[in-house]
Structure formats: structure tokens, C-alpha cells
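Let's take a walk through a protein model together, starting with the whole and ending with a few single residues. Please keep the sequence and the 3D view open as you read.

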Number of protein chains: 2
Amino acid sequence: MTTSFPMNDGNSAYSYFNNSQPQKELIDASKDMVRDAIIEKLDVEVMLSSSHTFRIIELGCSIGPNTFHAMQRVVDVVKEKYHNIILEFQVFFSDHVENDFNTLFRSLPIDRSYYASGVPGSFHGRLFPTRSIHFAHSSCAIHWLSKIPKELLDEKSPTWNKGLIHYGTSNIDVVNAYIAQFEKDMEIFFNARAEEIVPGGMMVFISPFSSYIRLVEFFGSSLMDLVNEGKLDESLVDSFNLPMYFPSPQDMTKVVEKNGCFSIEFMELAYPKSKLVDEIDAKTFIISLRAVLEGLLINHFGSKIAEEVCARTLLKSEEISTWMKANGGKSCQLFVALKRK
Amino acid sequence: MTTSFPMNDGNSAYSYFNNSQPQKELIDASKDMVRDAIIEKLDVEVMLSSSHTFRIIELGCSIGPNTFHAMQRVVDVVKEKYHNIILEFQVFFSDHVENDFNTLFRSLPIDRSYYASGVPGSFHGRLFPTRSIHFAHSSCAIHWLSKIPKELLDEKSPTWNKGLIHYGTSNIDVVNAYIAQFEKDMEIFFNARAEEIVPGGMMVFISPFSSYIRLVEFFGSSLMDLVNEGKLDESLVDSFNLPMYFPSPQDMTKVVEKNGCFSIEFMELAYPKSKLVDEIDAKTFIISLRAVLEGLLINHFGSKIAEEVCARTLLKSEEISTWMKANGGKSCQLFVALKRK
């Protein structure tokens, strides 16, 4: 089974590159929070000794352009805070080895004010030398699990996720299996970052929250439509589950406390004020989800079914739009700023 | 005009990945020299302060596998020398942004003992933060010029390189234009490395020397065959020149002295003892040159002519083999070890 789930690569109609507007909205909305975290909590003098290189990592960078905006913003705010210190910035864009780094590198902004570098590998493991990183940033990424919880693949267990592809409307056993996998993954994640980040160094997560959970199930219902029309075997849908868990503040507190090396400086469930996620029209939203999910669908169902499922879900735009409006109030993102003790 | 000349990418029949045996021979032959340079000249205590990360850069990494052998060897020898110090290694694989980093990353050895990173950009310019690098390695790369000397593109000048594609059998004006471009490029190269490498840090170059110079002209003669058969306009050949200059020890001394920040620790023209470059059969050699040159040929002549030129040059294997045997004694490589003052 694959344990890496790249976004649609390249520069085509359904590529992540051209369809990552909602993720951009998330980053834009968290702009002030990242800024506050840096201005109020970062202490460069403590971290840098003889070197004047400030090292930033982006975990789950995908292929841009969102990651470039996010990284430039971090650089700009640190520069603003330490305008009297000459700092050089080195940014490490990291993602799975299957990520399309060629596209990422070829679209690097020419006017960037940092040295750029790409690091292939899973963030569920070590990626950088000990105490070499000053700031870690991860947007729309930590909700990716390293794998599907294995209990979900047992047809005879109460965690067999019949007719569904995610945990949003599932039974409590399925939800718990997802939570357990998230906790296992985060244990490895935090152990790795605790080694890599210098004392005083910071880590910021921006993670989509509740509304996303259910939206993906529209792809599930398109799959079930195909089952009901006799075009797809139901067991194939039952055995397909998305490897994502969207953590709550409680989940986050639990994994941070278990690790013990980081303090939570800020944490909030934020409701973006401008350009709400909910205000993006349903079509844009579905296409952007497609750029994220299509690889997973192709892997499990083949490209013909994947294509049809995406097309059918797009036809549900109106229904989805209605659903989004009815559930708009619940859409939000989790913002967490941590400091290495 | 393009200023980057990537090797044939991917994993196909004529890819650099599958056709880089001669370059591997060069690296293998220089194994002991790199080892000697590290054992005798490197002083880690001077360079590393609080951090225990030893940072290595490979300039002109292409897509492997040669670069992986070279980097692992550097790591192993430094570890051997400093077996009583716990060091962590971070290797930055650098090449032009058009290089196929996806292939490079996907073929990274699983059992490597370093943190890997890719850095897109020309080594004729800054790539890394100030004083952040401990060891720089470059094999079969510094002979690439940033561009064709512009004098060669003037039809009315004595530097118009009629009927030839390189300087090996050209008039002295052409040779001097190449040398001048090399010196200009190396000035920029050394200025950048002088900033990036810590005091006491080392730099090693391995560069093919004389035999290569003339071998590329067999591709030139295939082009002229097409001209003589009326299939190609001669002015197209006249205006095509390879952007490579193979430095002599004198050239190297001159550019190092001009920069002034590095001392030459070792420099020698080495005649590889085992598996001589000359002992590789001509066919293997021509195919490996094709993996290097085909992109340039396609750029200037289109893919149909490029394909035909490569095929025709391969047909000259016997002639080339005879030439290689007659000129075998002259085949050698330049090895240079430098230290940042």
C-alpha cells in the first residue's frame, strides 16, 4: 500500500498548482496569527550563536504557489522584528519523495529573499540534523495520516467503514481508529521535530477543521452512486478510506503534552473573517478537493472510475453549495503556535 | 539563449542516469585523492562551533547515481577521520533548476548516512548562506560555461568557429575566447564559494582533461557530414558551439590566485590507474557523451537532426576506438583540492 499521497502534479487543468485557492485562503486568514506568533514569541538571540542563518522548514510544501507566500511572509516578519540584525534565511521545502519538486523548483519566485532548498521525505520521520531548524511551518498538511488505520481494512470488525470513505458520519469505532492513527503519527512527528528544532525555536500548524470533514463524503456518495448503478463493486468502496484526520484543539493538546518537548503558545479555532472558505463557490471547492484526492482515487479504483467520480461530484455543485451555506458557520481552521522548550 | 544544459533526464535508454559510466570512472579514480585531501587537510574542530552538522555540497549533481557514490565517500572518510566526534551530515545536491530533481530524489540510496537536500540554481552565483558550508565537491561540472563566449557568434570575427563545434582544433582566437569566458565564470564561482564556505572548509574539483576535448568533435564531424550531404545549412553548424572549457592546471592556478580566498592544497593531472577512461569501449563512451550533449543539439538543431547526429556518431565507433587507442596516453583528469583561508 502506498503511504504517500501526492497532490495532482504539474500545471494542468486539475493540478494542485492551479487549484489550491481554498488552501491559500487558509494561509491568508492565518497571516496575522503567524505574524503575532513571531512578533510576540520568537527570540532569535537565544537561538542563533555564531551563525546568522535562520533556517525555516515547510512541512508538506506540495508544489506551490501557496508555500511561497507562506515562506516569504515568515521571512518578512522575522526581518521586521529583527531589523537591526543581519540575518540570512534558508528555507527547506519538504514533502514526500513523490512530490513534484521539479514543478516546485521551476516556479520559485525570482524575487525571494531566502536560499531555497528541497527536502524529500515523510515528516513522519527525521528530515534534518539535530538542532538545525529555527522555525517550522505546516499548512494543510498535518492532517495527512501515514496510512489508513489497519482496523478499517478488517471486514468482520466494527471498524469496517461500510459505504463511506471517511470518518465524518461513521460509527464511533471508526472515529476512534482514526484518532489512534493520528496520535501514533504525531508521536513520531513530534519526536522528530523535537530533535531538529533548536531550543527556543518555533513551530506553527494551520489545519483545516470541521467543514472539510464532511465535504469529502460527497466524493463518497458519488462512489456509492456508481455502486447503486451496478458499475462498481461495493466492497471496493468499503475498503477505501481517506488517510486524513482533522485534529481538534483537544487532540492537539494531547499529542503535544504526550511529547513534552514543546509548549503551546497560541492555539485557536479561527473563523477566517475575510473571504470565508464558505464563500468560495462549491465548484472551485470541489475542483480543489479533486486536485488533492484524485491520486488516491486513481490508486484504489483506477483512472476511469476516478475520473467519473470527480465529474459526478462536480455535477453535485448545487447540492454541495446548499450544504455549504447551511453548514457555513461551522467552517474554521485550527491554528497552533508551539515553542521548543 | 538557454544558459542551462541539463543531462538527458529520466531513466530511459539514453538518459544520463543509465549512461554515466565514464563519469563514474573519473570519480572512482579520484577516490584516493579525495580521501587524501580529507585525511591530510581537513580540520573539523576549526570549522564547527556549537553545531555538529557537517554540511557538504555537490555542485552539478545531475541526477545520480555517480553523485551518491561521491557524497557517501566524502561522508565515510570524514567519519573515519573523526570517529571520536559525533557528527551529523547534511548533503545539498545542487544543479540548474532544469535538472531532473524528481529522478534524483527518487533514486536517493535508502541506506545513506546523511540528510539529503536539493538546491536548484546555477553555481555561477550564490546558492547557500554565508559561512554555512564545510565541504564542496564538484565532479565533471566546472567545465560547463555559463554561456557560449559571445565573440563566437560574430560571423565577421576571427572567432567565428567555422565547421567546428568546440575549441579543440580551432584557431587561437577561438581558444582565447573560451578561456576568457571560463575565467569570467570562475571569478563569479569563486566569489560565491568564498562567501559560502567556512574558514578552513574545503573544496574539491574533479574535471576531465585533454582526451575529452577532441572526442566531442566527432559529433561535429557528423554534423558536417549532414552539411556535405546537403541536409543541413552550414551556418547552423558554424553558429553552434559547446559551452565547455576544460581547464589546465595553469588555468586553475590563475583563477584561484585571482580570487585570493582559497589556497591550493593538492593539484594534479592524474592518469587513472584502474579501468582507464581509454579502456571503456568507444560505443559506451559515445552513448555517455550523447546523454550529456543531446539536449544542446536538440536546442539548436531540433530533435530530428540531433537524433541523426547521435546515431551517425555511434556508427563511427570503430574510427573513434582507433583514435582513442592512439591518443590513450593523453587521457587524464585534473584533480584540485582547495582550502578556504
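Predicted model: local features only at pLDDT ≥ 70, side-chain atom pairs only at ≥ 80, totals over all residues.

Residues are numbered from 1 along each chain as its sequence is written, chains are lettered from A and ligands numbered from 1 in the order in which they are written, and side-chain values use heavy atoms, with hydrogens and water left out.

How confident is the predictor? For the complex it gives an ipTM of 0.88 and a pTM of 0.89. Chain A has a mean pLDDT of 86, with 87% of its residues at 70 or more; pLDDT is the predictor's confidence in each residue, from 0 to 100. In residues 274–278 of chain A the pLDDT falls below 50, and this stretch has eight contacts in the model beyond near neighbours in sequence. Contact here means heavy atoms within 4.5 Å.

Now look at chain A as a whole. It holds 13 helices and seven strands, where helices (H or I, at least four residues) and strands (E, at least two) are DSSP runs numbered from the N terminus. Of its 341 residues, 61% count as buried. Buried means under 20% relative accessible area, exposed means over 50%, and partly exposed is in between (1.4 Å probe, protein chains only). Among the contacts in chain A with a separation of 6 or more, 84% are between residues 24 or more positions apart.

Next comes the interior. In soluble globular proteins, nonpolar side chains tend to be buried together. A nonpolar core is a set of buried Ala, Val, Leu, Ile, Met, Phe, Trp, Tyr and Cys residues joined through side-chain atoms within 4.5 Å. The largest one in this model has 133 residues, and the members that touch the most others are A:F190, A:L223, A:L297, B:F190, B:L223 and B:L297. Helix 6 of chain A (residues 172–196) gives this core its largest share, 10 residues. Which residues does A:F190 contact, leaving aside neighbours within four places in sequence? They are A:M203, A:F205, A:V255, A:V256, A:N259, A:F262 and A:L338. Another core, of 70 residues, lies apart from the largest one and includes A:F68, A:F135, B:I38 and B:F266.

Where the two chains meet, 28 residues of chain A are in contact with 28 residues of chain B. About 2,200 Å² is buried between them, and carbon and sulfur atoms give 49% of that area. Buried area is the accessible area (1.4 Å probe) that two parts lose on being put together, summed over both. A:F105, A:Y115 and A:P129 supply 24% of what chain A buries against chain B, more than any other three residues.

B:K258 lies in helix 10 of chain B (residues 249–259) and counts as exposed because its relative accessibility is 60%. Its side chain joins that of B:E187 through a polar contact of 3.0 Å. A polar contact is a pair of N or O atoms within 3.5 Å; within protein, one must be able to donate a hydrogen and the other to accept it, and residues adjacent in sequence count only if both atoms are side-chain atoms. By contrast, B:S138, in strand 4 of chain B (residues 133–139), is buried, with a relative accessible area of 1%. A polar atom of its side chain lies 2.9 Å from the backbone oxygen of B:L59.

Finally, visit the loop between strand 1 (53–59) and helix 4 (66–81) of chain A, where A:P65 is placed. The peptide bond from A:G64 to A:P65 is cis, with omega near 0°. A:S62 is found in this loop too, and has a positive phi of about 55° although it is not a glycine.
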